[in-house]
Amino acid sequence: MRTVLSRSLFNSLLAFIAIIGVVHQNESAFAHTVIQPTEVTEGKSSENYLVITHGCSENPVMGSSVVFPDGLDSTIAVNGNPHTGPLSDFVTNWGNSIQLYQDRSVFSEQDVKRDSKSNVVGFWAGGGRTVAPHLFARIAFVSSSVLFNSESCAQKIRFAVAVADICKITAIDDMSTDNAVSLWVPAVGSKFDGTPGGHAFDFPAFFTITRDLTENPLPESCGGVGQQISVRPSAAQVDRDMPIQFNGAQVWPQP
Ligand SMILES: [Cu+2]
């Protein structure tokens, strides 16, 4: 009897340890640089953060560069299938939708990035003190009300955001050496794709907006089924907007 009891106790212990192991693995999966909150409701402005979650191996983070799809030459998919029409088929007012808060509590310098229409499409922050590789840091930004096209069946729109956490300033060809950078970039064929199979390859941060089904219900023609829209920046946009310009000169990657 005692043997049976202790064996079952032992088995539950094993199961418990296995569960802890799974939870821990999930935790490390979450420990990638992300945007919080993970979802924003249509029609509402939102206070958000880029959350830097680790250094480049043991190297501390000295700055970050963030690029949102501009919606001009972005790649759009509907339930995973390519969509050739414009973003306005789903979202009517994307563009200049984010603004950076000045906050020198993490890094000493920061600014926005603008597209060809002078709309803000991203931001960078860097310089001063670094973020310890084992700690998190938050860069605050606000997003304005984004509206869904009421005639569309779009229910959720997910923007793939390209992020680089920079630990060492190098030329673009040397980024993979010496743990110089951690990339969370959609692999769209830009110079910032990173290495296939490498850490967080094609694992971008996401900024997701959900339709307000009360204020903006799906049209009847959708048959009650909402579509998932994904938007990825073009390679040309990532190449143009990821580098950091400071006082009129490119400071990262080293030109
Ligand atoms: Cu990671």
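This is a predicted model: local features need pLDDT of at least 70, side-chain atom pairs count only at pLDDT 80 or more; totals for chains, interfaces and linings use all residues.
Valine 34 has valine 51, in strand 3, as its bridge partner. That pair belongs to the contact between strand 1 and strand 3, which run antiparallel and share 3 bridges.

The complete arrangement is an open sheet of 4 strands in the order 1-3-10-7, with antiparallel pairing. Which strands stand at the edges? They are strand 1, residues 34-36, and strand 7, residues 98-100; each has a single partner strand, so one side of each lacks a neighbour in the sheet. From one strand to the next, the twist averages 35°.

Glutamine 36 and proline 37 are joined by a cis peptide bond, with omega at about 0°. Proline 37 sits in the loop between strand 1 and strand 2. A cis peptide bond also joins tryptophan 252 and proline 253, where omega is about -15°; proline 253 belongs to the segment after strand 16, residues 249-252.

Glutamate 39 stands opposite threonine 208 of strand 13. Strand 13 is also joined to strand 11, residues 154-166, by 6 bridges, and here the strands run antiparallel. Phenylalanine 159 has phenylalanine 207 of strand 13 as its bridge partner. How are the two faces of strand 13, residues 205-210, made up? Ala205, Phe207 and Ile209 form the covered face, while Phe206, Thr208 and Thr210 form the uncovered one.

I turn now to the interior. In soluble globular proteins, nonpolar side chains tend to be buried together. The largest nonpolar core here has 58 residues, and the members touching the most others are Val67, Ile157, Val161, Ala162, Val163, Ala164 and Val185. Strand 11 is the greatest contributor to this core, giving 9 residues. If residues up to four places away in sequence are set aside, isoleucine 157 touches Phe90, Val91, Ile209, Ile229 and Val231. Over the protein as a whole, buried residues account for 36% of the 255 residues. Of the contacts between residues at least 6 apart in sequence, 71% join residues at least 24 apart. The protein has 2 helices and 16 strands.

Finally, some asparagines. Most residues other than glycine have a negative phi. Asparagine 79, in the loop between strand 5, residues 75-78, and strand 6, has a positive phi of about 50°. Is asparagine 79 buried or exposed? It is exposed, because 12 other C-beta atoms lie within 10 Å, and a residue counts as exposed at 12 or fewer. Asparagine 96, in the loop between strand 6 and strand 7, also has a positive phi, near 60°, but is partly exposed, with 15 C-beta neighbours inside 10 Å. Asparagine 81 lies in strand 6, residues 81-83, and is exposed, with 8 other C-beta atoms within 10 Å. Its C-alpha atom is separated by 9.5 Å from that of serine 230, 149 residues apart along the chain.

How values were computed. Residues are numbered from 1 along each chain as its sequence is written. A residue is buried if 20 or more other C-beta atoms lie within 10 Å of its own, exposed if 12 or fewer, and partly exposed in between; C-beta atoms are placed from the backbone. Two strands pair if DSSP finds at least two bridges between them. Axes are lines fitted to C-alpha atoms, for helices over the stretch in contact, and angles run from 0 to 180 degrees between N-to-C directions. A nonpolar core is a set of buried Ala, Val, Leu, Ile, Met, Phe, Trp, Tyr and Cys residues joined through C-beta atoms within 7 Å. Two residues are in contact if their C-beta atoms, placed from the backbone, lie within 7 Å.
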